[in-house]
Amino acid sequence: MNGWMGKIVKINLDSMKQETVPISAEMRRQYLGGRGLGVKLYTELCHAQTDPFAADNALIFMTGPLTGTVLTSGRYQVVSRSPLTGTICDSSSGGSFGAVLKSAGLDGLVIRDRADHPVYLYVHDGEIEVRDASGLWGLNTQQTQKAVQEQTSAKTSVACIGPAGENRVLFAAIMNDKDRAAGRGGMGAVMGAKNLKAVAASGSQLVAISDPEGYKTLNTRIDRIVDKNPVTGKSLQVLGTSVLVNIINAHGMFPTENFRCGVFNDAEGISGEKIAETLLQRQSACYKCPIGCGRATKTRNKQGEGPEYETVWAFGAHLGISDLTAITEANYACNELGLDTITMGSTIGCAMELCETGAWKEKMRWGDAGKLLGWVEDTAYRRGIGAELALGSKRLAAKYGRPELAMQVKGMEIPAYDPRGAQGMALSYATSNRGGCHMRAYMISPEILGHPVFLDRFSTAGKAEIVALFQDISALVDSTVLCRFLQFAMGISTFTDMLRVVTGLDFSDNELMKIGRRVYTLERIFNNQAGFSRRDDTLPPRFFQEEFQTGSSRHRVVRLAEMLDNYYSVRGWDKDGVPLPQTLAELGL
Amino acid sequence: MVKFYALLRRRLDTQAVEIESDESSVLELLRLAEKKTGQNFLAELLDPEKKLLTGTMILVNGENIRLKQNLETRVRGGDTIDLFSPAGGG
């Protein structure tokens with residue numbers, strides 16, 4: 001078999017029984033791998049009433065047909081039901097773990113049930129060994145990875161949880177290859193609930209390539225395209241993702257103090273340009289990645305990776321903090337403890353506003369950089385106020401009677417682009433099937449950055465069509481599984497070419513887009529069955545009611561009503577956001 | 001005031017320049033900025049037809065000139081021009 005390794009194993013952690021999951025050629029063609037095949041398998045194994053922390057919940061690690069082959073192919077996806085949102089969720093991470101899992105002989109791993117004591121899985125030579133992890137329980141993610149490598153091989157790639165996952169913090173991350181994170185949606189907490197400390201892999205199997213000559217030529221072409229593109233070939237390398245700080249701030253949509261303002265006066269001091277001048281030691285790159293957007297940094301006290309754009313915002317402007325060292329060290333702590341930085345920062349910001357309004361009688365104040373690290377650590381261990389922060393913003397704000405102060409969609413915190421500054425991004429957030437996420441349809445690309453074309457950010461015209469298209473492309477790329485940053489440099493036809501030379505399957509561009517649409521719709525069906533509907537495709541009231549008084553997004557509100565019906569129509573869903581029978585038939589669902 | 005960001009800032013080694021000008025087009029103002037910095041950067045931002053390259057962002061008081069009259073957008077003394085070379089992230 002070309003592209004795929006041809007083996008997905010299901011393991012039950014109570015009985016330790018293992019079995020191969022049969023995947024038909026038709027299923028591979030319809031879902032590819034990664035997010036797509038992961039979601040398909042999840043929906044066959046679990047249902048909308050499955051408790052994310054119950055033993056019968058499935059946790060699925062998936063690679064794709066392109067994993068371990070072309071540029072940027074070290075990634076993997078984790079699929080399960082999110083304990084934070086209750087939606088189906090996939091979380092993506094870079095590094096090399098995906099490629100190494102395939103070299104160990106597997107396309108994916110389906111994990112069910114709960115071990116009666118802490119364990120880790122060691123995948124090698126197509127086999128899975130269950131090992132005792134009692135001695136690893138309590139270690140942070142860096143210590144865990146090192147310990148597992150000592151017990152296996154220095155070449156082992158390790159995806160693991162830290163204390164936050166063990167303690168089922170609802171936004172616990174899975175960390176791999178030191179500081180790469182499957183961050184969003186609490187996949188680390190699902191892992192912790194299974195008493196599963198780590199999944200480790202090592203091996204030397206090669207991915208079979210259908211057309212080796214074509215593959216070689218195509219890789220050279222892609223390398224040249226990526227290198228020539230000013231974003232992938234230069235900007236991301238030199239300045240990382242935090243180059244966005246000044247850009248988004250200049251557009252008056254850099255969320256400040258829990259989205260109450262769109263301009264952060266100290267943006268320059270936490271920008272990518274500033275990080276490059278001060279903390280940056282060198283760039284870092286994932287497996288076979290010529291871009292190298294990662295930041296290896298050093299403060300006076302510590303060294304590690306980050307901050308990237310979302311994190312510099314979450315611990316910076318969002319909290320009124322301009323101390324770059326404090327932001328960076330909070331980032332390091334999240335990496336070590338295994339926490340999603342976006343939800344962590346956003347929840348602290350929500351808490352600060354709750355305290356300011358008097359709804360919560362704690363002393364969490366804007367700009368208090370000195371306490372930031374303590375709040376992060378307390379959250380991972382559920383100590384003191386950390387036990388409440390560990391719930392995420394939606395539950396916290398509801399508990400103190402001010403649900404509108406949680407800046408979330410479907411329970412997931414909105415990231416670093418205020419939707420009042422980009423109507424397409426607003427629609428993307430509202431209709432995202434894993435909640436407040438920028439990665440389902442990254443409308444910032446056309447509405448702010450001008451890729452691939454420039455769109456008027458304040459217009460709602462035509463945005464429904466483009467959001468749906470971007471959602472489908474994203475679902476497709478997540479199913480191949482490659483890095484989304486490639487999309488700055490190349491369009492769908494290059495992905496078609498890559499799949500052809502690697503798998504030998506002659507997909508058309510339209511067929512690939514249909515795969516994306518199928519995956520997105522299947523996720524929607526699960527969410528509908530779990531009780532999500534049109535009323536959940538919305539944003540916090542702040543974005544409809546409160547206008548900024550300063551900055552270039554001033555006097556704007558989100559005009560979701562102008563786009564939502566059209567979006568459902570474009571998707572082939574009814575007015576409640578439920579896919580119509582003819583849509584299901586067309587997609588083979 | 002013309003402010004430089006992203007790679008352009010590093011390339012020019014300048015954060016901003018103040019330009020004395022009553023009223024002009026963005027293009028004219030940027031030519032003055034070239035003189036002031038002593039470096040030719042405009043050619044890097046334009047295609048052979050003298051149109052802005054994809055991804056280049058020029059804001060006048062926070063508004064993208066692509067939504068106005070592009071390089072012919074009028075600017076007055078006291079306006080702020082933010083100039084970003086192509087960039088991206090997530």
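In this predicted model, A:Gly185 is buried, with a relative accessible area of 0%. The residue sits in the loop between strand S11 (180-182) and helix H6 (187-193) of chain A. Its contacts beyond four places in sequence are A:Ser82, A:Pro83, A:Leu84, A:Cys89, A:Leu170 and A:Met412. A:Lys361 is 176 residues away from A:Gly185 in sequence. In space, the two C-alpha atoms are 28 Å apart.

A:Ser479 is another buried residue of chain A, also at 0% relative accessibility. This serine belongs to helix H19 (residues 463-480). A polar atom of its side chain lies 3.0 Å from the backbone nitrogen of A:Gly36. A:Gly36 is also one of the residues that A:Ser479 touches when those up to four places away in sequence are not counted.

Backbone geometry was examined next. Most residues other than glycine have a negative phi, and most peptide bonds are trans. Several places in the model depart from this pattern. The peptide bond from A:Thr480 to A:Val481 is cis, with omega near -5°. A:Thr480 falls within the residue range of H19, 463-480. A:Val481 lies in the loop between H19 and helix H20 (492-503) of chain A. A cis peptide bond also joins A:Gly306 and A:Pro307. Here omega is about 5°. A:Pro307 is placed in the loop between strand S15 (303-305) and helix H11 (309-314) of chain A.

A:Asn195 is in the loop between H6 and strand S12 (196-201). Its relative accessible area is 17%, so A:Asn195 counts as buried, the limit being under 20%. In chain B, B:Asn61 has a positive phi of about 50°, and it too is not a glycine. B:Asn61 lies in the loop between S4 and strand S5 (63-64) of chain B. With a relative accessible area of 41%, B:Asn61 is partly exposed.

Chain B contains an open sheet of five strands. Their order is S2-S1-S7-S4-S5, and the pairing is mixed. S2 and S5 stand at the edges of the sheet. Each has a single partner strand, so one side of each is left without a neighbour in the sheet. Strands of a sheet pair through backbone hydrogen bonds, either parallel or antiparallel. Both arrangements are found around S1(B). Strand S1 (residues 2-5) and strand S2 (residues 16-17) run antiparallel and are joined by two bridges. S1(B) and S7(B) run parallel, with four bridges between them. B:Lys3 has a bridge partner in each neighbouring strand: B:Ala16 in S2(B) and B:Asp82 in S7(B). B:Tyr5 is paired with B:Phe84 in S7(B).

The two chains meet at an interface. On the chain B side, 22 residues are in contact with 34 residues of chain A. The size of an interface is often given as the accessible area lost when the parts come together. Between chain B and chain A, the buried area is about 2,200 Å². Carbon and sulfur atoms give 67% of this area.

The salt bridge brings together the side chains of B:Arg9 and A:Glu268, with 2.6 Å from N to O. Three elements of chain B give two or more residues to the side that touches chain A: helix H1 (6-12), strand S4 (57-60) and strand S7 (81-84). Of these, H1(B) gives the most, with four residues. By type, the residues on this side of chain B divide into nine nonpolar, nine polar and four charged.

Notes:
Residues numbered from 1 in each chain as written. Chains lettered and ligands numbered in written order. Predicted model: local features only at pLDDT ≥ 70, side-chain atom pairs only at ≥ 80, totals over all residues. Heavy atoms only, no water. Contact = heavy atoms within 4.5 Å. Buried area = accessible area lost by both parts, 1.4 Å probe. Salt bridge = Lys/Arg side-chain N within 4 Å of Asp/Glu carboxyl O. Nonpolar A, V, L, I, M, F, W, Y, C, P; charged D, E, K, R; others polar. Pairing = 2+ DSSP bridges. Buried < 20%, exposed > 50% of the residue type's maximum accessible area, 1.4 Å probe, protein only. Polar contact = N/O pair within 3.5 Å; in protein donor to acceptor, adjacent residues only side chain to side chain.
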